[in-house]
Amino acid sequence: MDVLTLSRLQFAATTMFHFIFVPLTLGLSVLTAYMETRYVRTGDETYLKMAKFWGKLFLINFALGVVTGITQEFQFGMNWAEYSRYVGDIFGAPLAIEATVAFFLESVFIGVWIFGWNKVSKVTHAVAIWLVAIGTNLSALWILLANGWMQKPVGYVLRNGRAEMVDFLAVVTNPYGIIKFVHTLTSGYMVAAFFVMGISAWHLLRKNRIDFFVRSFRMAATFGFVAAILVFLSGDFHAVEIAKTQPTKFAAMESVWETRKGVGMNLILLPDPKNECNAVERLCIPNMVSMLAFHTPDAEIKGLKDFPKELRPPVQLTFWSFRLMVGLGTFMALAALAGVILSRMKHFENRTLFLRVMLLALPLPYIAAQLGWIVAELGRQPWIVYGVLKTADGVSKAVTTPQVVGSLVGFTLIYSLLGAIDIYLLAKYARKGPDDDLSGIIKPATAKGA
């Protein structure tokens with residue numbers, strides 16, 4: 001394989017591995033902060049134990065996310081130097097803000113939260129974890145604004161052989177980036193919700209700490225159901241933005257080949273890119289694709305045949321990734337709703353079948369999130385900055401094939417080791433359950449409400 005293919009493979013592998021940790025960090029930080037806030041407001045030590053237990057799992061995940069995220073930015077200079085030279089004036093700004101503001105915010109206050117037990121007041125300690133949660137979510141905002149600019153470039157001019165920023169406000173208010181942020185953020189909340197529900201289900205199946213894990217499950221189910229609604233709403237707005245700004249991606253997502261109005265959605269559909277058609281089309285919902293694209297039943301959808309073959313994304317992978325992502329999202333929304341209802345009934349721990357389903361469902365939001373990024377990044381090909389710079393023109397000219405092969409093998413080995421460590425630690429402390437001894441984090445007087 002050539003340098004371009006290897007560099008794309010390396011960036012995809014490292015990014016997808018890093019994104020295993022990001023969504024859980026986004027959601028579990030908020031859940032942990034809410035649990036500790038409930039303790040501060042009610043004095044109920046169960047909520048303190050919940051914050052401590054789920055917070056420990058959050059810290060393990062957070063540490064791995066930081067380690068794997070650092071390597072991402074180095075690749076822009078190593079493998080994608082031409083891209084960095086061409087758009088660095090724009091792309092670098094939100095990344096710099098993320099590092100100097102959001103990352104430092106979460107890094108400082110996560111130290112306060114870890115080492116501040118019994119040293120600062122309950123309120124101050126709870127504020128610290130909220131600032132960590134805000135920092136992690138702000139990090140996602142700035143990174144996704146940068147990615148949103150790659151998807152829909154705004155506020156720039158082409159000058160001196162490169163893209164230069166002329167309107168910073170346009171970049172940070174880019175609707176593509178903002179909608180992408182909301183969609184990614186809420187999908188991260190679903191990851192955290194199913195993570196908590198899955199581990200809680202494991203303990204409830206074994207009748208461990210029933211009150212503790214029923215409360216945890218109920219809280220996560222509510223959080224997950226609200227997040228699921230927001231995922232679907234933001235996804236709807238995101239589809240409209242894609243249809244307007246990236247018609248090739250939208251056509252690939254729905255496997256639309258001919259330009260026409262009032263396009264229906266076939267629930268059973270098999271794309272045939274070789275013959276530029278669909279081999280199977282069954283169970284059509286009239287005008288649904290047009291509704292999704294422009295909220296108008298008779299809206300015109302541009303077909304893939306209207307674009308040169310070299311400007312079309314890979315149809316099969318884009319289409320199936322999108323379909324599977326939507327299918328998983330629908331199932332998770334229904335599962336979360338069922339969790340909200342059932343967890344409020346008596347003897348929830350005896351609903352063995354449902355608890356087993358929720359345990360097995362734990363990896364589903366992770367898979368859905370990865371599929372979403374496949375649609376987002378593969379669907380805009382062959383562009384690295386849509387309509388401005390092709391991926392083939394962004395790769396470094398000085399990098400050789402052996403160098404990329406070496407770094408790819410190195411990343412794979414190191415990341416495999418880190419992944420094994422993460423799984424081991426999460427499984428170890430998740431199975432262990434909460435600690436009843438609170439002497440190390442609260443004073444006896446505090447425990448009595450003083």
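Begin with the entire protein chain in cartoon view, where this predicted model shows 16 helices and 8 strands. The radius of gyration of the protein chain is 23 Å, close to the 22 Å that the globule rule gives for 450 residues, and the chain is therefore as compact as a globular protein of that length.

Next, colour the protein chain by accessibility: 52% of its 450 residues count as buried. Contacts can be displayed as well, and of those between residues at least 6 apart in sequence, 80% join residues at least 24 apart.

Now select residues 122–151, which form helix H5, together with residues 175–205, which form helix H7. How far apart are the axes of H5 and H7, and at what angle do the helices pack? The axes lie 8 Å apart, and the angle is about 135°, which means that H5 is oblique to H7. The crossing of these two helices, H5 and H7, is right-handed.

To examine the contact itself, show side chains on the H5 side for Asn-137, Ala-140, Leu-141, Leu-144, Leu-145, Asn-147, Gly-148 and Gln-151. These meet Tyr-176, Gly-177, Ile-178, Lys-180, Phe-181, Thr-184, Leu-185 and Tyr-189 of H7. Colouring by residue class then shows how the contact of H5 with H7 is made up, with 9 nonpolar residues, 6 polar and 1 charged.

Note on methods:
Residues numbered from 1 in each chain as written. Predicted model: local features only at pLDDT ≥ 70, side-chain atom pairs only at ≥ 80, totals over all residues. Heavy atoms only, no water. Axes fitted to C-alpha atoms, helices over the stretch in contact; angles between N-to-C directions. Helix = DSSP H or I, 4+ residues; strand = E, 2+ residues; numbered from the N terminus. Parallel < 35°, antiparallel > 145°, perpendicular 65-115°, else oblique. Left-handed = near helix turned anticlockwise from the far one by under 90°. Contact = heavy atoms within 4.5 Å. Nonpolar A, V, L, I, M, F, W, Y, C, P; charged D, E, K, R; others polar. Rg over C-alpha atoms; globule rule 2.2 N^0.38 Å. Buried < 20%, exposed > 50% of the residue type's maximum accessible area, 1.4 Å probe, protein only.
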